[in-house]
Amino acid sequence: MCSEKFDDNLISGSNHVSIEKRSKKLTLFEDLVYDSDAFDSNSCPSDCESGVSGGENDRYSDGGGQEIHGMIAKKLVSSLSSSGLDARVEGIHRIDFSSFTSRAKLQSFCIYSKAVEMKCNGDANVKYAWFGASKPEITAILSHGFSLPTSKGTHGYGVHLSPVDHPVQSLALDGADENGLMHMLLCRVIMGKMEAVLCCSDQYNPSCQEFDSGCDDLASPGRYIVWSSRMNTHILPEYVISFKASSYNQEKQRKLQPPRVPRSDWMPFPSLIAAMSKFLPRDAIQSISKLHSAYRKQKVTRHEMIRRVRDIAGDKLLMGIIKSYRSKTKSHL
């Protein structure tokens with residue numbers, strides 16, 4: 001039987017990295033703190049930079065990688081904090097690219113990055129992005145790559161990731177392991193030329209040769225969509241981040257009052273979910289139901305739950321459902 005423990009051969013290496021190499025590594029993640037859109041498309045992480053010193057229980061320090069790990073931890077914690085979550089990073093592990101197969105994945109990513117760069121007039125538009133999942137799912141991705149989605153996501157069929165400034169969009173609320181840890185992959189993603197993908201879209205490939213990937217909003221993306229046909233060539237996981245997160249003042253709120261049953265302004269929340277299920281894909285309804293359950297268990301605040309439901313469903317659909325419910329309620333009075 002396969003163990004759910006992260007395989008040390010997948011995330012750690014024994015290579016010793018020189019001071020010169022450490023400096024090169026550090027520059028790869030400076031944009032996580034200073035500029036989330038900056039990326040030198042000519043620099044791919046080399047296999048000699050792939051080692052992670054330190055065991056799974058070490059707190060984001062591996063000698064020369066300490067500065068990089070500190071940057072990643074700071075970015076994740078500060079971004080989750082802006083969404084009302086108190087996060088503590090427990091471990092950061094760099095993916096190992098020393099095996100033949102992992103080195104092939106790395107070289108494939110660099111080749112595709114160069115190809116998209118040439119196609120897009122010198123800009124492959126490589127971004128950093130988060131992908132959250134349970135521990136077994138992340139272990140499977142590190143071993144075998146991303147799998148075909150079994151159902152449609154909120155914005156078509158593909159791998160949905162979130163920009164480095166919005167990790168909460170990738171937070172797997174029900175993905176905590178036996179130690180209460182949640183896990184995310186920090187990935188490089190070849191976005192190329194993006195196109196806007198509408199919520200509830202059935203799209204599964206670029207709409208035409210001009211585009212390479214999708215997003216929910218071209219002006220201010222909250223989701224990146226990499227189509228399934230490109231998920232294992234255009235996404236390169238580089239780090240596994242393990243952390244704990246809870247709502248601010250959660251313990252204080254738990255002692256002061258029992259959780260309220262969440263309601264919209266005009267209708268019970270379970271009724272709202274039932275009504276949305278007629279319009280939204282199953283994946284979206286499952287996400288909303290998990291948010292509802294997480295709120296009842298006081299894992300997220302009411303404000304955060306409502307904000308994320310609005311983001312998934314859209315205000316136009318929500319207002320239409322609520323107005324219809326109010327009309328029906330008044331007609332029965």
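**Strands, helices and their cut-offs**

Author: Strands β2 and β3 run antiparallel and are joined by 2 bridges. This is a predicted model, in which local features need pLDDT of at least 70 and side-chain atom pairs count only at pLDDT 80 or more, while totals for chains, interfaces and linings use all residues. Residues are numbered from 1 along each chain as its sequence is written, and side-chain values use heavy atoms, with hydrogens and water left out.

Reader: Why are β2 and β3 called paired?

Author: Two strands pair if DSSP finds at least two bridges between them. β2 and β3 have 2 bridges, so they pair. Ala129 has Pro163 in β3 as its bridge partner. Ala129 also stands opposite Cys187 in β4.

Reader: What makes β2 and β4 a pair?

Author: 8 bridges join β2 (residues 126–133) to β4 (residues 182–190), and these strands run antiparallel.

Reader: What makes something a strand or a helix in the first place?

Author: Both are DSSP runs, numbered from the N terminus: helices are H or I over at least four residues, strands are E over at least two. On that count, the protein chain has 10 helices and 8 strands.

Reader: What is the order of the strands in the sheet?

Author: The order is β1-β8-β4-β2-β3-β7-β6-β5. The sheet is open, and its pairing is mixed.

Reader: Why are β1 and β5 said to stand at the edges?

Author: β1 (85–94) and β5 (194–196) each have a single partner strand, so one side of each is left without a neighbour in the sheet. From one strand to the next, the twist averages 40°. For β1 the partner is β8: 9 bridges join β1 to β8, and they run antiparallel. Asp86 stands opposite Ser246 in β8. β8 also pairs with β4, over 8 bridges in the antiparallel sense. There, Leu236 in β8 is the bridge partner of Arg188.

Reader: Why is β3 called largely enclosed?

Author: Check the cut-offs: buried means under 20% relative accessible area, exposed over 50%, partly exposed in between (1.4 Å probe, protein chains only). In β3 (residues 158–163), 5 of the 6 residues are buried, so the rest of the structure largely encloses this strand. β3 pairs with β7 (residues 224–227) over 4 bridges, in the antiparallel sense.

Reader: What makes β8 mostly covered?

Author: In β8, 10 of its 13 residues are buried. Across the protein chain of 333 residues, the buried share is 47%.

Reader: Why is α7 called roughly antiparallel to α8?

Author: Axes are lines fitted to C-alpha atoms, for helices over the stretch in contact, and angles run from 0 to 180 degrees between N-to-C directions. The axes of α7 (residues 269–276) and α8 (residues 282–296) come within 10 Å and cross at roughly 170°. Angles under 35 degrees count as roughly parallel, over 145 as roughly antiparallel, 65 to 115 as roughly perpendicular and the rest as oblique. That makes α7 roughly antiparallel to α8.

Reader: Which residues of α7 and α8 meet?

Author: Phe269, Pro270, Ile273 and Met276 in α7 meet Ile285, Ile288, Ser289 and His292 in α8. Contact means heavy atoms within 4.5 Å.
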